[in-house]
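Please open the model in a viewer and keep a selection tool at hand. The stops below proceed from one selection to the next.

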Amino acid sequence: MAFEERLEAHRVDLTGHCYRMLACAAEAEDAVQETLLRAWKNADRFDERKAGLRTWLHRIATNVCLDMTRSVQRRALAMDLGPSSPAGASLGAPLGAAAFVQPVPDRHVLPADGDPAELAAGRETIRLAFVAALQALPPRQRAVLILREVLCWSAEEVAGLLDSSPAAINSALQRARATISARRTPGGSGEVDEDLLGRYVEAFTAYDVDGLVSLLHQDATMSMPPFAWWLGGREAIRAALLGAAGACADDRLVRTAANGSPAFAQYRDGKAFGLTIIDFRDGLIANTTTYLDPSLFALFGLPMTPEPPSRM
């Protein structure tokens, strides 16, 4: 196999790593392109007796991402930016996409075929809540946690990459774990509940507010980047839906997958409207994040206008 083909075989793995570091699919793709370019230019320096190709590429990718974090702002979820909004409150001014953790298609960061247990673990490391929590860490600490906890590198290997000592790496890992533990909120996990999703689509497209609210956790959240506006709690969401006067009635949902979670492309009046990611736990919806950015449809390979429903 040619060296270029060997490099390309690691694209998905590298994209997942860069996405966890940068919280943006487009920036992750740029980082991977730079990584592969540097690897190709320095092919003569690669010594497989010292490290495998995957390890070598992740060393390059980590350094590329650390360089990129010096010139970008920290991304977050709406819930990290301020208190919840009262039902009926204005969305306010958009903050811009750069303020938020951006979604990523599962197929860009998870292997198409892999061990089911490894895929399940991989999904947990690209959930919106986990990726947002990672962004709260200083970049080098973020790299330590990802390399040690996600990629399972040894403290010695990470120390070599970051020009540090194993003791310092272990100390950074402990601080990172404490920060992540303090910030993370319960999110979706486990197998996709297809029955729940079916009921969600039915209630959403019929604008059945009571039916929709019955699927929510008591502490469910709803947010719509690029606005800092978000709602917390079943009753606030119910009040907001009732106040919207059927705005989503007759919208069409098309299934996709993002950040290890089920997601839907939302079409309104025959046009791309938003991308909704759903996290659930214990048989109920824990949170919905709707990105009001039709430009994301191209990233997910979705048409800008919905395809006609298939006929039986």
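Begin with the largest pocket of this predicted model, which has a volume of about 570 Å³. Select Met222, Met224, Trp229, Leu241 and Cys248: of the 32 residues that line the pocket, these are the closest to its centre. Next, colour the elements that give two or more residues to the lining, namely H12, E1, H14, strand E5 (271-281), strand E6 (284-291) and E4. Which element provides the largest share of this lining? Helix H14 does, with five residues. Colouring the lining by class gives 23 nonpolar, eight polar and one charged residues.

**The cavity**

To display its lining, select Ala203, Phe204, Tyr207, Asp208, Val209, Leu212, Leu241 and Cys248. H12 and helix H13 (209-213) are the elements that give two or more residues to this lining. By class, the cavity lining consists of seven nonpolar, no polar and one charged residues. Leu241 and Cys248 can stay selected from the previous stop, as they belong to the lining of the cavity and are listed among the residues closest to the centre of the largest pocket.

An α-helix has 3.6 residues a turn, so residues three or four places apart point the same way.

The structure holds five aromatic pairs. In the pair of Tyr200 and Phe204, the ring centres are 5.7 Å apart and the planes stand at 35°, so the pair is tilted. The reasoning rests on two cut-offs: planes under 30 degrees apart would count as stacked, and over 60 as edge-to-face.

For a further aromatic group, select Phe3, Phe46 and Trp56, which form one cluster. Then move to Arg268 and Phe273: the charged end of Arg268 sits over the ring of Phe273, at 4.0 Å from the ring centre.

**Backbone features in the loops**

Select Pro225 and Pro226 and inspect the peptide bond that joins them. This bond is cis, with omega at about 15°. Pro226 is located in the loop between strand E1 (216-223) and strand E2 (230-232).

Continue to Asp250, in the loop between helix H14 (234-243) and strand E3 (252-258). Its phi is positive, about 75°, although Asp250 is not a glycine. Asn259 likewise has a positive phi, near 55°, in a residue other than glycine; select Asn259 in the loop between E3 and strand E4 (261-268).

Select Ala121, which lies in helix H7 (residues 116-124) and counts as partly exposed at 43% relative accessibility.

Proceed to helix H8 (residues 128-135), which is mostly covered, with seven of its eight residues buried.

**The whole protein**

Finally, clear the selection and zoom out. The protein contains 15 helices and six strands, and of its 312 residues, 47% count as buried. Along the principal axes, the C-alpha atoms fill a box of roughly 65 × 45 × 35 Å. The radius of gyration is 21 Å, which agrees with the value near 20 Å that a compact globule of 312 residues would have.

How values were computed
Residues are numbered from 1 along each chain as its sequence is written. This is a predicted model: local features need pLDDT of at least 70, side-chain atom pairs count only at pLDDT 80 or more; totals for chains, interfaces and linings use all residues. Side-chain values use heavy atoms; hydrogens and water are left out. Rings of Phe, Tyr and Trp (its six-membered ring) pair if their centres lie within 6.5 Å; planes under 30 degrees apart count as stacked, over 60 as edge-to-face and the rest as tilted. A charge sits over a ring if NZ of Lys or CZ of Arg is within 6 Å of the ring centre and within 35 degrees of the ring normal. On a 1 Å grid over the protein atoms alone, a cavity is a set of points where a 1.4 Å probe fits but cannot get out, and a pocket is an open set with protein on both sides within 12 Å along at least five of seven lines; lining residues have an atom within 4 Å of a point. Helices (H or I, at least four residues) and strands (E, at least two) are DSSP runs, numbered from the N terminus. Ala, Val, Leu, Ile, Met, Phe, Trp, Tyr, Cys and Pro count as nonpolar, Asp, Glu, Lys and Arg as charged, and the others, Gly among them, as polar. The radius of gyration is taken over C-alpha atoms; the globule rule is 2.2 Å times the number of residues to the power 0.38. Buried means under 20% relative accessible area, exposed over 50%, partly exposed in between (1.4 Å probe, protein chains only). Grid points are joined across faces, edges and corners, and a volume is the space filled by probe spheres set on the points.
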